[in-house]
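Subject: Structure for your review

Dear colleague,

My findings follow it, and I would be grateful if you read them with the model open.

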Amino acid sequence: MRGIRLRVNDAGGTIHVMGNSPTPVPSFGAGSGTDEQSRPPLIPIAIGVVTVLVVIGLFAFFGRDKNDRAAPGATADPYAANLTISDVAMSTAANFAGQQVTYIEGKVKNNGSKTVTNALLQIVFKDSLGQVAQREPGQRLMVITTREPYIDTAPLSNAPLRPGQTKEFRQTFEHVSGDWNMQLPEITIVRTSTE
């Protein structure tokens with residue numbers, strides 16, 4: 001069995017030579033020194049791990065649903081309590097592109113003393129276990145302006161809801177989660193604009 005000889009080159013590096021072989025075997029920087037020289041660089045690894053954890057933490061903090069933090073119960077619009085939603089029904093139809101569209105229709109009544117020029121809804125679809133399958137925050141309330149020859153809707157800014165008045169509304173959803181239990185979703189008025 002032939003041994004390994006070591007040669008030191010002009011730059012101070014070590015070249016391993018196998019027996020009588022004319023071709024040296026490169027060491028690629030791996031020295032034949034002590035254990036301390038062969039340890040992985042702990043400080044750069046620790047910095048990398050801490051950086052990854054900080055980035056994940058930031059995504060978790062800022063990626064939360066902002067509307068969950070501003071839930072309707074905590075800072076609800078005081079005038080929203082004057083609006084009542086009734087006669088809610090749902091239907092589905094195919095749009096011109098052949099995709100399934102879900103419609104939620106109902107009536108909204110202004111029981112207050114101000115004219116409502118905008119209303120935002122939060123619509124929550126539940127799954128078979130009663131958990132949230134899809135949350136649609138900040139949906140602008142769309143009132144029906146005409147039914148013939150087809151249903152046309154507009155925001156309240158185009159057709160304000162006066163005190164004591166009732167209007168029909170229609171919300172359109174091009175996608176609803178496949179986990180939805182096919183029951184009426186929860187509809188909450190979370191913000192209004194009045195004059």
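This is a predicted model: local features need pLDDT of at least 70, side-chain atom pairs count only at pLDDT 80 or more; totals for chains, interfaces and linings use all residues.

Two strands are taken to pair if DSSP finds at least two bridges between them.

Isoleucine 123, for instance, has isoleucine 187 in E11 as its bridge partner.

Is glutamine 139 buried or exposed? Its relative accessibility is 18%, and because buried means under 20%, glutamine 139 counts as buried. Leaving aside residues up to four places away in sequence, glutamine 139 touches Ala119, Leu120, Leu121, Ile123, Gln171 and Phe173.

A further antiparallel pair consists of strand E8 (residues 142–146) and strand E9 (residues 152–155), joined by four bridges. Methionine 142 has proline 155 in E9 as its bridge partner. The loop between E8 and E9 holds proline 149, and the peptide bond joining glutamate 148 to proline 149 is cis, with omega about 0 degrees.

Aromatic residues

How many aromatic pairs does a search of the whole structure find? The search finds two. In one of them, the ring centres of phenylalanine 125 and phenylalanine 173 are 5.3 Å apart and the planes stand at 90 degrees, so the pair is edge-to-face. Phenylalanine 125 belongs to strand E6 (residues 116–126) and phenylalanine 173 to strand E10 (residues 166–173), so this pair ties together parts that are 48 residues apart in sequence. Both phenylalanine 125 and phenylalanine 173 are buried.

Phenylalanine 125 also forms an edge-to-face pair with tryptophan 180, at 5.2 Å centre to centre and with 85 degrees between the planes. Here too distant parts of the chain are linked: phenylalanine 125 is in strand E6, while tryptophan 180 is in the loop between E10 and strand E11 (186–194), 55 residues apart. Tryptophan 180 is buried, as is phenylalanine 125. Phe125, Phe173 and Trp180 make up one aromatic cluster.

Another ring is approached by a charged residue: arginine 170 lies over the face of tyrosine 103, at 3.9 Å from the ring centre.

Backbone features

Aspartate 87 is in strand E4 (residues 83–94), whereas methionine 182 is in the loop between E10 and E11. The relative accessibility of aspartate 87 is 54%, so aspartate 87 counts as exposed. Methionine 182 has a relative accessibility of 56% and therefore counts as exposed as well. The loop that holds methionine 182 also holds tryptophan 180, which is buried.

With kind regards

Terms used: Residues are numbered from 1 along each chain as its sequence is written. Side-chain values use heavy atoms; hydrogens and water are left out. Buried means under 20% relative accessible area, exposed over 50%, partly exposed in between (1.4 Å probe, protein chains only). Contact means heavy atoms within 4.5 Å. Helices (H or I, at least four residues) and strands (E, at least two) are DSSP runs, numbered from the N terminus. Rings of Phe, Tyr and Trp (its six-membered ring) pair if their centres lie within 6.5 Å; planes under 30 degrees apart count as stacked, over 60 as edge-to-face and the rest as tilted. A charge sits over a ring if NZ of Lys or CZ of Arg is within 6 Å of the ring centre and within 35 degrees of the ring normal.
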